[in-house]
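Okay, thanks for having me, everyone. I'd like to walk you through one structure today, so please have it up on your screen.

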Amino acid sequence: MGVDGRIKAFLTPKDLAEALGVSESSLKRWADDGVIRVSRTAGGHRRIALADAVRFARESGLQIEHPAALGLEDVLPARRAADQPSAGTADALYAAFLRDDWRVARGLIVSAYVSGESVATLCDGAMREALGRAGELWEHGSDGIVVEHRAVDTCLQALSFIRSLIPSAPATAPVALGGAFAGDPYVLPSLVAAVVLADAGFRDVNLGPTMPTAALLSAVERYAPGLVWRTVSVATDGDTLRRDLAALLERMPAHGSIVLGGRGVPPGILQLPERVHHLGSMRELAGFARGVLAMRVPDREPPAGGAAS
Ligand code: B12
């Protein structure tokens, strides 16, 4: 993922205390009180998984002041004055895209997440806006296309890194799987949906861009998902879309839902089958996912073949 090998998968209480600028004794107390999840080494020393440390920072509102203590200095670099989000994260991100300062751009996205912003808000907001501005450059020449492609790659790196910071859902959690409509080359919407759903507590299976109906049906058989997402970023006619959704519904486990979204969904699409929901944003997806999980009676057995994250 372009991140060097110094990132620490497990931290000592001292590392985390230093990163957060708090005392080691406070940190050990929080660990012993169960506020931070810890494991013990064979010798009885406390160890904190990086994902649990980041979750604690997000939930407590404590800032990671010294990322180097976690080995994250490459991902959360010190920002230059011009990159401070005073002018707004979207402006700073767009400026970093323009000069292909991918470290700063990746740092802005990862920092916003680590500081407590949700993946959905980040993607519907700053990331979408900055990409939208980069997307207007292609008409003005080849350099614009270079900026756009580099910006997408930087977002992929940042999202993959954020995904690695999300603790794995338990084997009893339902699977969410999905991908983009056949012929749709856009990679980010499906990845964002996967990260949003992983963050909500699903086991995510992202099948990426241009996913034909037949292949998605095989995946539904294999993973028995509780939720399927379909991203549609290129103009697609309503009848083709409805046929795809009807075929998927036939193979879905009982009570499973399908969510549909993206700029290529025909405006005002009607007559969607029951259990198919057209959502307008990643924030709506996050809310829908939380609702599904809250209503769910937990499985006694993990679904067969569910090999997700
Ligand atoms: C990156 C990009 C590309 C890249 C994609 C690279 C890749 N492999 O992914 C490439 C180079 C392939 C590309 C090609 C083209 N592109 Co283009 N592209 C973009 C750009 C800059 C970003 C798109 C993106 O990934 N955004 C990030 C995602 C996460 O955001 P989003 O798509 O807006 O989705 C949000 C919501 O719709 C929703 N959502 C999306 N999916 C889903 C799914 C679910 C389930 C839910 C709940 C929500 C949801 O949540 C998201 C976050 O808020 C946009 C700019 C823009 N304003 O969108 C132009 C843009 C979409 N492209 C455009 C154009 C014109 C093209 C080309 C025709 C250019 C050309 N002449 O070659 C081709 C067409 C390709 C094709 N086959 O259709 C136009 C479309 C104009 C229009 N009215 O349709 C745009 C708007 C740029 C512009 N202003 O001109 N593009």
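Predicted model: local features only at pLDDT ≥ 70, side-chain atom pairs only at ≥ 80, totals over all residues.

Let's begin with the overall layout. The protein splits into three domains: domain 1 covers 10–70, domain 2 covers 81–164, and domain 3 covers 175–295. If you take the C-alpha centres of domain 1 and domain 2, they're 29 Å apart.

Now, the sheet with three strands. It's an open one, and its strands are ordered β1-β3-β2, with antiparallel pairing. On the edges you've got β1, at 10–11, and β2, at 39–40, and each of those pairs on one side only. Let's look at one of the pairings. Strand β3 is residues 46–49, and it's joined to β2 by two bridges, in the antiparallel sense. If you want a pair to click on, take Ser39: its bridge partner in β3 is Arg47.

Okay, next sheet. This one is open too, it has five strands, the order is β5-β4-β6-β7-β8, and the pairing is parallel. Which strands stand at the edges? They're β5 and β8, the latter being 276–278, and each has a single partner strand, so one side of each has no neighbour in the sheet. On average, neighbouring strands here are turned by 20° against each other, if you ignore direction.

Let me zoom in on β5 for a moment. Strand β4, residues 175–180, pairs with β5 in the parallel sense over four bridges. Within that pairing, Gly178 sits opposite Asn206 of β5. And if you follow the chain, β4, α8 and β5 make up a right-handed β-α-β unit.

How many residues surround it? The count is 32, and the closest are Gly132, Gly135, Pro189, Gly261 and Gly262. Elements that contribute two or more residues to this shell are α6 (119–134), α7 (142–164), α8 (188–200), β6 (227–231), β7 (257–261) and α11 (282–295). The biggest giver is α6, with six residues. By class, the shell has 19 nonpolar residues, seven polar and six charged.

And where does the ligand sit relative to the domains? Both domain 2 and domain 3 give residues to the shell, so the ligand lies between them.

Asp153 is in α7, and it's partly exposed, with 16 other C-beta atoms within 10 Å.

Thr121 and Pro266 are 145 residues apart along the chain, and their C-alpha atoms are separated by 24 Å.

Last stop: two residues with backbone angles worth a look. Asp100 isn't a glycine, but it has a positive phi of about 50°. You'll find Asp100 in the loop between α4, at 89–98, and α5, at 102–114. It has 15 C-beta neighbours inside 10 Å, so Asp100 counts as partly exposed.

The other is His255, also not a glycine, where phi is positive and near 75°. His255 is in the loop between α10, at 238–251, and β7. Is His255 buried or exposed? It's exposed, because there are 12 other C-beta atoms within 10 Å, and the cut-off for exposed is 12 or fewer.

That's my tour. Happy to take questions.

Conventions. Residues numbered from 1 in each chain as written. Pairing = 2+ DSSP bridges. Domains from an automatic or database assignment. Near = placed C-beta within 6 Å. Nonpolar A, V, L, I, M, F, W, Y, C, P; charged D, E, K, R; others polar. Right-handed = clockwise from strand over helix to strand, strands pointing away. Axes fitted to C-alpha atoms, helices over the stretch in contact; angles between N-to-C directions. Buried ≥ 20, exposed ≤ 12 C-beta atoms within 10 Å, placed from the backbone.
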